[in-house]
Amino acid sequence: MATKKAPPRRNTDVIRCENCGEEYSTTYKRCPFCDERPSSRSYPPVGGGRRVAGGTRSSRSGRQPNPLQVAGLVISLVLIIAAIVIVITTLSPLLFGGKPAEGSGTSQPGSTSTPVETVTLEALTLSRTEVTLEAGEPFQLTAAPTPSDAQVTVTWTSSDPDIATVDEYGNIANVYKGSNQVSVTITASAGGQTATCTVTCTGDGTGEDIVPSGGASTGGQTGGALAPNTDAVITGATGGLNIRSGPGTDYTVQASTQDGATVTVLGDAGNGWYHIRYATGGGNFEEGYVMGDYLAPSPVQN
């Protein structure tokens with residue numbers, strides 16, 4: 001009679017992982033193949049593991065992420081962002097230019113400020129150099145700077161406010177009360193430059209006549225009409241006197257003369273103008289027209 005073999009002894013030192021189906025020693029607290037903790041059963045049935053079924057560790061259902069790993073990932077991202085910001089802040093002045101020094105007068109790339117360039121005024125020109133105004137008639141002068149982009153403030157003055165006044169905008173008012181014609185000089189000043197305009201005003205006859213500086217002591221500037229073919233002296237034209245091609249300011253200027261110059265009166269042209277002959281140099285003479293207010297009889301006649 002054959003001896004009956006005893007059933008093979010079950011190895012109680014080895015357990016099978018419920019997750020992956022692998023057998024491992026009981027000395028491990030977790031499965032060395034899938035890191036799963038063993039349950040209270042010491043020997044699970046064969047084929048019950050996920051590894052046998054083709055699963056992976058990452059596909060285990062119900063497995064929650066490790067909070068420490070999540071916290072470490074967040075901290076790492078924050079540190080990386082902070083490092084990028086520090087690098088950009090430090091290197092941007094070197095890459096795009098730094099802040100301009102105070103008082104340097106220049107702008108650096110990336111700067112929003114624009115340096116202001118000072119333009120020097122070279123000249124000042126008025127819209128008119130001679131104006132004739134009837135009693136109470138107004139007129140406005142304008143001043144043009146050279147160069148045109150020069151930023152200046154123009155100051156206006158009158159040589160005699162009892163005859164004509166001028167405001168800060170170049171508006172002239174004829175305020176003369178005499179019965180004759182007299183002239184004043186309107187001056188525009190800016191940036192060390194000046195320009196003048198001779199304004200001849202006819203009074204309204206309600207006041208006394210004014211004798212301009214340099215005129216005769218009689219009731220008018222010339223002491224009455226000047227006789228033809230007599231010499232006369234230019235007077236009262238402190239800013240110069242224009243000699244025109246006809247008896248009026250609308251005619252072109254053909255020459256200019258100064259105080260003290262001697263001319264020959266050829267005749268009365270009417271409306272306060274005189275036809276004259278003047279020297280042009282080299283023994284040559286030309287004819288033109290000037291206001292009688294600027295003529296006084298010459299003390300020495302030819």
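**Strands and sheets in a predicted model**

Strand S13 (residues 241-244) and strand S14 (residues 253-257) pair in the antiparallel sense, joined by four bridges. Here, strands are DSSP runs of E with at least two residues, numbered from the N terminus, while helices are runs of H or I with at least four; two strands pair if DSSP finds at least two bridges between them. Within this pairing, Ile 243 has Ala 255 of S14 as its bridge partner. In a regular strand, side chains alternate between the two faces of the sheet. Both faces of S13 are covered, with Leu 241 and Ile 243 buried on one side and Asn 242 and Arg 244 buried on the other. Buried means under 20% relative accessible area, exposed over 50%, and partly exposed in between (1.4 Å probe, protein chains only).

The model is predicted, so local features need pLDDT of at least 70 and side-chain atom pairs count only at pLDDT 80 or more, whereas totals for chains, interfaces and linings use all residues. Residues are numbered from 1 along each chain as its sequence is written, and side-chain values use heavy atoms, leaving out hydrogens and water.

Turning to another part of the fold, four strands form an open sheet in the order S4-S11-S10-S7, with mixed pairing. Strands S4 (130-133) and S7 (155-158) stand at its edges with a single partner strand each, so one side of each is left without a neighbour in the sheet. S4 runs parallel to strand S11 (residues 193-202), and four bridges join the two. Glu 130 stands opposite Thr 198 in S11.

Overall, the protein has one helix and 18 strands, and 28% of its 302 residues count as buried.
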